[in-house]
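I opened the model and kept notes as I went. The entries follow in the order in which I looked things up.

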Amino acid sequence: MPKFFQFCPKCGSSNHKFENHHRFECLDCGFVYYHNCAAAVMVIMRRDDKVLFTVRNNEPKKGKLDFPGGFVDPKESAQFAAKRELKEELDIDIDMDDLVLLDTEPNDYDFRDILYRTLDIVFEIELKDNQKINLEKSEIQEAKWLSADEINMEDIGFDSMKAVVKKYVLK
Ligand SMILES: [Zn+2]
């Protein structure tokens, strides 16, 4: 049982079950909570034969390669979340119509003792040559344009991203 679900949040009982890290049920008061899958987006940004990778500046996976993206906020579309994250992380304005939906991948995101299971929604976009990028330094250490032969899979943080890179970048 993870620490954050030691006690029922309604009655404080420790007599409960948490099946598959998904359905929490208190066996004393009947409280039920579903720790559902969270939606997240990642964007493969292409320019010529290169793809933009960011280097994470925060845990989890600090120092590892990532794609721009993040969690979808409540009431947002995935496309809007992608547009918002690109603005926040890279100071890039994109047209949502230019995003191409490629794939979805499940992922695990371990943040401060809470395991979130995500569904990563993968978009692709072609970037213009003159597009300027300004990094949000609190989230991203640096950004690198890499071609397929410059990518080291060991440098990639998340399993979902490894799968995506294999399928759509190293092809
Ligand atoms: Zn309870």
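I began with residues 34–171, whose end C-alpha atoms lie 38 Å apart; the span is 17% helix and 41% strand. I took helices (H or I, at least four residues) and strands (E, at least two) as DSSP runs, numbered from the N terminus. An unreviewed UniProt entry annotates residues 34–171 as "domain: Nudix hydrolase"; such annotations may be inferred rather than shown by experiment, and their positions are given in the numbering used here.

I noted the basis: this is a predicted model, with local features needing pLDDT of at least 70, side-chain atom pairs counting only at pLDDT 80 or more, and totals for chains, interfaces and linings using all residues. Residues are numbered from 1 along each chain as its sequence is written, and side-chain values use heavy atoms, with hydrogens and water left out.

I then listed the elements of the protein: two helices and 10 strands, in the order β-β-β-β-β-β-β-α-β-β-β-α from the N terminus. The C-alpha trace spans about 60 × 35 × 30 Å along its principal axes.

Next I looked up the zinc ion. Cys8, Cys11, Cys26 and Cys29 coordinate the zinc ion through SG at 2.3 to 2.4 Å (donors are N, O and S atoms within 2.8 Å of the metal, or 3.2 Å for Na, K and Ca). Their spacing along the chain is C-x2-C-x14-C-x2-C. The site is tetrahedral, with angles of 107 to 114 degrees among the four donor atoms (four donors count as tetrahedral if all angles lie between 85 and 135 degrees).

Methods
Four donors count as tetrahedral if all angles lie between 85 and 135 degrees; four count as square planar and six as octahedral if opposite donors are over 155 degrees apart and all others between 65 and 115; anything else is irregular.
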